[in-house]
Amino acid sequence: MEAIVWLAVAIVLLVVEIITLGLTTIWFAGGALVACVAAALQADFLVQMILFLVVSVVMLFFTRPVAMRYMNKNRTKTNSESLVGKEAVVLQEINNLKAAGQVQVNGIEWTARAEDMEDVIEKGAIVCIKKIEGVKLIVKRKEGK
């Protein structure tokens with residue numbers, strides 16, 4: 001009976017994975033299958049749970065990063081995410097305390113904030129885009145400038 005329950009858990013987790021495509025529940029489905037085999041071999045329920053947890057966590061931490069790299073290898077960054085790492089020109093002084101700042105990158109003007117909350121970046125400076133938060137670029141003064 002326990003083997004059937006573990007098999008049902010594995011199926012449910014696989015269905016959730018198919019729906020979400022998040023590469024998370026697939027590893028727990030693998031753990032459930034191992035627990036299903038253990039149940040079929042008459043292992044104690046505690047052993048089944050330990051196998052489920054250990055196999056799931058090991059698969060999640062050791063194989064998910066490899067799978068994510070493989071799946072995202074040919075993914076093209078689009079729109080704003082392609083800006084991270086690029087350089088921009090400061091059009092309006094960036095001052096986080098005054099909630100002011102604007103940069104231009106690829107001919108488009110963006111609101112910008114400094115990565116370092118204390119840094120005030122003058123107009124005309126070259127900055128590197130570190131990340132995007134909402135509609136603001138988070139930038140850092142380019143080294144040597």
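Where is Asn 96 found?

**View 1. Asn 96 in the loop between two strands.** Asn 96 is found in the loop that runs between strand S1 (87-95) and strand S2 (100-105), where helices (H or I, at least four residues) and strands (E, at least two) are DSSP runs numbered from the N terminus. This is a predicted model, in which local features need pLDDT of at least 70 and side-chain atom pairs count only at pLDDT 80 or more, while totals for chains, interfaces and linings use all residues. Residues are numbered from 1 along each chain as its sequence is written, and side-chain values use heavy atoms, with hydrogens and water left out. Asn 96 has a relative accessible area of 12% and is therefore buried (buried means under 20% relative accessible area, exposed over 50%, and partly exposed in between, with a 1.4 Å probe and protein chains only). Leaving aside residues up to four places away in sequence, Asn 96 touches Arg 113, Ala 114, Asp 116 and Met 117, a contact being heavy atoms within 4.5 Å.

**View 2. Aromatic pairs around Trp 6.** The structure holds three aromatic pairs; rings of Phe, Tyr and Trp (its six-membered ring) pair if their centres lie within 6.5 Å, and planes under 30 degrees apart count as stacked, over 60 as edge-to-face and the rest as tilted. The rings of Trp 6 and Phe 45 have centres 6.5 Å apart and planes at 25°, so this pair is stacked. Because Trp 6 lies in helix H1 (residues 2-20) and Phe 45 in helix H3 (residues 45-71), the pair ties together parts that are 39 residues apart in sequence. Trp 6 is buried, at 7% relative accessible area, whereas Phe 45, at 43% relative accessibility, counts as partly exposed. The rings of Trp 6 and Phe 52 have their centres 5.1 Å apart and their planes at 40°, so that pair is tilted. Phe 52 also lies in helix H3, and its pair with Trp 6 of helix H1 therefore ties together parts 46 residues apart in sequence. Phe 52 is buried, with a relative accessible area of 12%. Ring pairs link Trp 6, Phe 28, Phe 45 and Phe 52 into a cluster.

**View 3. Val 54 in helix H3.** Val 54 has its place in helix H3, and at 47% relative accessibility this residue counts as partly exposed.
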